[in-house]
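Subject: Structure for your files

Hello,

Here is the structure I said I would pass on. My notes on what was found in it follow below.

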Amino acid sequence: MSAHPLSPVPVNPASLPTPSGYSHGTLSGNTLYLGGQTALDADMKIVPGGIVEQFRQAFSNVLTTLTEAGGVPEDLVSITIYLTDIPDYQAHGREIGRAWRELAGPVYPAMAGIGTTALWQPEALIEIVGVAVIPDERLRPGR
């Protein structure tokens, strides 16, 4: 029997923008549902520099929430990437792949890339959501 609660627990790292009306993550048992992250920096501004820099910031934000709950990139089981310009993402695939490996290593969960017409912030090119399953020995449910 697990010692952690099964009722959902919000996960909101202090280093990410303070959420209003949402959580950066929700932990239910050992499963962490990672809320959508765009390329917002600590000043609540989308980082400049195009799709590669936006990918780096958005994925870093996802990983920050994962770390807050005790997770590591190997715990990711699913990632969904929403894109306003799929050809732009594809054209920079090698650079994005390098950024992924720098941030997460050779970890490749189930993934989907989905085109969309717009995201919450008009200047956002990318939003990343995910799911992770964190083993009991690393789980930090009270954070």
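Aromatic residues

Phenylalanine 55 and phenylalanine 59 both lie in helix H1 (residues 51-68), four residues apart, which is about one turn of the helix. Helices here are DSSP runs of H or I with at least four residues, strands are runs of E with at least two, and both are numbered from the N terminus. The model is predicted: local features need pLDDT of at least 70, side-chain atom pairs count only at pLDDT 80 or more, and totals for chains, interfaces and linings use all residues. Residues are numbered from 1 along each chain as its sequence is written, and side-chain values use heavy atoms, with hydrogens and water left out.

Rings of Phe, Tyr and Trp (its six-membered ring) are taken as paired if their centres lie within 6.5 Å; planes under 30 degrees apart count as stacked, over 60 as edge-to-face and the rest as tilted. That rule gives four aromatic pairs. For phenylalanine 55 and phenylalanine 59, the ring centres are 5.6 Å apart and the planes are at 25°, so this pair is stacked. Both phenylalanine 55 and phenylalanine 59 are buried (buried is under 20% relative accessible area, exposed over 50%, partly exposed in between, with a 1.4 Å probe and protein chains only). Through ring pairs, Phe55, Phe59, Trp100 and Tyr108 are linked into a cluster.

Salt bridges

With a salt bridge defined as a side-chain nitrogen of Lys or Arg within 4 Å of a carboxyl oxygen of Asp or Glu, the count is two. In one, glutamate 102 is joined to arginine 56, and the closest N and O atoms are 2.9 Å apart. This pair links distant parts of the chain, with glutamate 102 in helix H3 (residues 93-104) and arginine 56 in helix H1, 46 residues apart. Glutamate 102 counts as exposed because its relative accessibility is 56%; arginine 56, at 24%, counts as partly exposed.

Arginine 138 and aspartate 75 also form a salt bridge, at 2.5 Å from N to O. Arginine 138 is in the segment after S6 and aspartate 75 in the loop between H1 and S4, so the pair links parts of the chain 63 residues apart. Aspartate 75 is buried at 7% relative accessibility, and arginine 138 is partly exposed at 30%.

Strand pairing

Strands pair if DSSP finds at least two bridges between them. Strand S4 (residues 76-83) runs antiparallel to strand S6 (residues 126-133) over seven bridges, with threonine 80 opposite valine 129. S4 also pairs with strand S5 (residues 110-115), in the parallel sense over six bridges, and there leucine 83 has glycine 115 as its bridge partner.

Regards
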